[in-house]
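Please read the numbered points with the model open alongside.

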Amino acid sequence: QVQLAESGGGRVQAGASLTLACTMSGRAYIYAMAWFRQAPGKEREFVAVITWNTGSTYYADDSVKGRFTISRDTAKNTVDLSIDRVKVEDTAAYYCAARFAPFPASQNIHRSVTEYPSWGQGTQVTVSS
């Protein structure tokens, strides 16, 4: 039984930097880990994903590009999401998710919530102006 635990959320001022962490336990093989976020009243949306063995990264467009950085520590089974220059619109619950097999050969499939069988409980990030 795999378990994911997020940490690092909280209330921050716009313009600050923030790092979220996700620790995974209970599973030996990981193919990829991702971060999603869900703002009040909106659907959960993809933020970034990193493949475990190669460290390849993919990010959502425009809204996060250039400000968000995903990284992993394979020895500690952790994945971090660093956010620079946070904006009020970054306010959301942030979730980490894990996948244990290669993605199907379909463009942008890694952005789909249904491709990740394991999820954490989320950590809330609230950005004030």
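1. Strand β9 pairs with strand β10 (residues 118–119) in the antiparallel sense over two bridges; strands are DSSP runs (E, at least two residues) numbered from the N terminus, and two of them pair if DSSP finds at least two bridges between them. Within β10, Trp119 is the bridge partner of Ala97.

2. The model is predicted: local features need pLDDT of at least 70, side-chain atom pairs count only at pLDDT 80 or more, and totals for chains, interfaces and linings use all residues. Residues are numbered from 1 along each chain as its sequence is written, and side-chain values use heavy atoms, with hydrogens and water left out.

3. Strand β9 (residues 92–99) also pairs antiparallel with β4 (residues 32–38), over seven bridges, and with β11 (residues 123–128), over three bridges. Ala93 is the bridge partner of Gln38 and stands opposite Gln124 in β11.

4. Eight of the eight residues of β9 are buried (under 20% relative accessible area; exposed is over 50%, partly exposed in between; 1.4 Å probe, protein chains only). Ala92, Tyr94, Cys96 and Ala98 point one way, and Ala93, Tyr95, Ala97 and Arg99 the other.

5. The charged end of Arg44 sits over the ring of Tyr95, 3.6 Å from its centre (CZ of Arg or NZ of Lys within 6 Å of the ring centre and within 35 degrees of the ring normal). Arg44 also lies over the face of Trp119, at 5.0 Å from the ring centre.

6. Trp119 is partly exposed, with a relative accessible area of 24%, whereas Tyr116 is buried, at 3%.

How values were computed: Helix = DSSP H or I, 4+ residues; strand = E, 2+ residues; numbered from the N terminus.
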